[in-house]
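Visitor: I have a model open and want to learn to read it. Where do we start?

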Amino acid sequence: MINGQKVCVVMPAYNAAGTLQRTVAEVPRDVVDDIIVVDDASHDQTTNVAKGLGLHTIRHPKNRGYGGNQKTCYAAALRRGGPVALKTLHRLDPPSILRLKQEFRTIAHVAHPNLVTLHELVSEGELWFFTMDLLDGVSFLDWVRQGVGPVPTPDLADTVDVANY
């Protein structure tokens with residue numbers, strides 16, 4: 001738990017049977033309450049390995065791609081009562097770690113009603129992740145494609161203030 005909130009780690013997976021056990025072993029179980037694996041129609045034993053590890057496992061009947069897999073992950077986390085999400089790295093090379101750090105530092109201290117709140121950046125052995133609020137709703141692209149209307153834009157002065165924080 002973090003700040004009294006249930007924490008669900010979501011793992012979009014594709015042909016991950018060979019790495020899943022090691023990845024799960026690196027999850028800090030003292031703060032993580034639930035691990036959800038969404039198998040995106042893998043051709044290996046990802047689903048069986050996940051179930052064998054006692055993880056909540058969902059399998060897509062056909063591949064939906066990384067974005068579709070993430071949506072299923074987040075929906076499952078919401079259904080299981082986890083309002084906090086973790087963004088993790090898939091590759092541990094220096095450029096990927098730098099990008100994760102930069103993304104966190106850029107947004108962490110910004111308070112804006114249209115941005116998700118980030119909580120903490122964590123490095124636990126070879127596992128890097130940050131925690132954030134999990135928002136219920138549709139992705140930006142889905143929202144735009146539905147033709148709901150123009151994207152509300154903040155006052156230009158507010159945008160400049162946020163960008164220069």
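Guide: Start with how elements are named. Helices and strands are DSSP runs, numbered from the N terminus. With that, the chain reads β-α-β-α-β-α-β-α-β-β-α-α along the sequence. Keep in mind that this is a predicted model.

Visitor: How many helices and strands are there in the chain?

Guide: Six helices and six strands.

Visitor: What share of the residues is buried?

Guide: The cut-off for buried is under 20% relative accessible area. Buried residues make up 33% of the 165 residues here. As for the surface, the chain exposes about 10100 Å². Carbon and sulfur atoms supply 54% of that area.

Visitor: How much of the contact count comes from residues 24 or more positions apart?

Guide: Take the contacts with a separation of 6 or more. Residues 24 or more positions apart account for 61% of them.

Visitor: Now a single strand. How do I read its two sides?

Guide: In a regular strand the side chains alternate between the two faces of the sheet. Look at E2, residues 34-39. Asp34, Ile36 and Val38 point one way, while Ile35, Val37 and Asp39 point the other way.

Visitor: Are the residues of E2 buried or exposed?

Guide: Six of the six are buried, so E2 is largely enclosed by the rest of the structure.

Visitor: Asp34 is a residue of that strand. What is Asp34 in contact with?

Guide: First its accessibility: Asp34 has a relative accessible area of 8%, so it counts as buried. Then its contacts, leaving aside neighbours within four places in sequence. They are Lys6, Val7, Cys8, Val9, His56 and Arg80.

Visitor: How do I read strand pairing?

Guide: Ask which strands are bridged, and in what sense. E1 and E2 run parallel, joined by six bridges. Ala13 has Asp39 as its bridge partner in E2.

Visitor: In which sense do E2 and E3 pair?

Guide: Parallel, over four bridges. Val38 stands opposite Ile58 in E3. The unit formed by E2, helix H2 (residues 46-52) and E3 is a right-handed β-α-β unit.

Visitor: How do I check a helix?

Guide: Compare its span with the one expected at 1.5 Å a residue. Helix H3 covers residues 65-79, 15 residues in total. From first C-alpha to last it reaches 21 Å, close to the 21 Å expected.

Visitor: Which residues of H3 are buried, and what do they pack against?

Guide: The buried ones are Gly68, Asn69, Thr72, Cys73, Ala76 and Ala77. They pack against three strands: E1 (8-13), E2 (34-39) and E3 (56-59).

Visitor: Where are Asn15 and Ala41 found?

Guide: In loops. Asn15 is in the loop between E1 and H1. Ala41 is in the loop between E2 and H2.

Visitor: Is Ala41 buried or exposed?

Guide: Ala41 has 10% relative accessibility, so it counts as buried. Asn15 has 33%, so it counts as partly exposed.

Note on methods. Residues numbered from 1 in each chain as written. Predicted model: local features only at pLDDT ≥ 70, side-chain atom pairs only at ≥ 80, totals over all residues. Heavy atoms only, no water. Helix = DSSP H or I, 4+ residues; strand = E, 2+ residues; numbered from the N terminus. Expected span 1.5 Å × (residues − 1). Buried < 20%, exposed > 50% of the residue type's maximum accessible area, 1.4 Å probe, protein only. Contact = heavy atoms within 4.5 Å. Areas by Shrake-Rupley, 256 points an atom, 1.4 Å probe, with all protein chains shown as cover. Pairing = 2+ DSSP bridges. Right-handed = clockwise from strand over helix to strand, strands pointing away.
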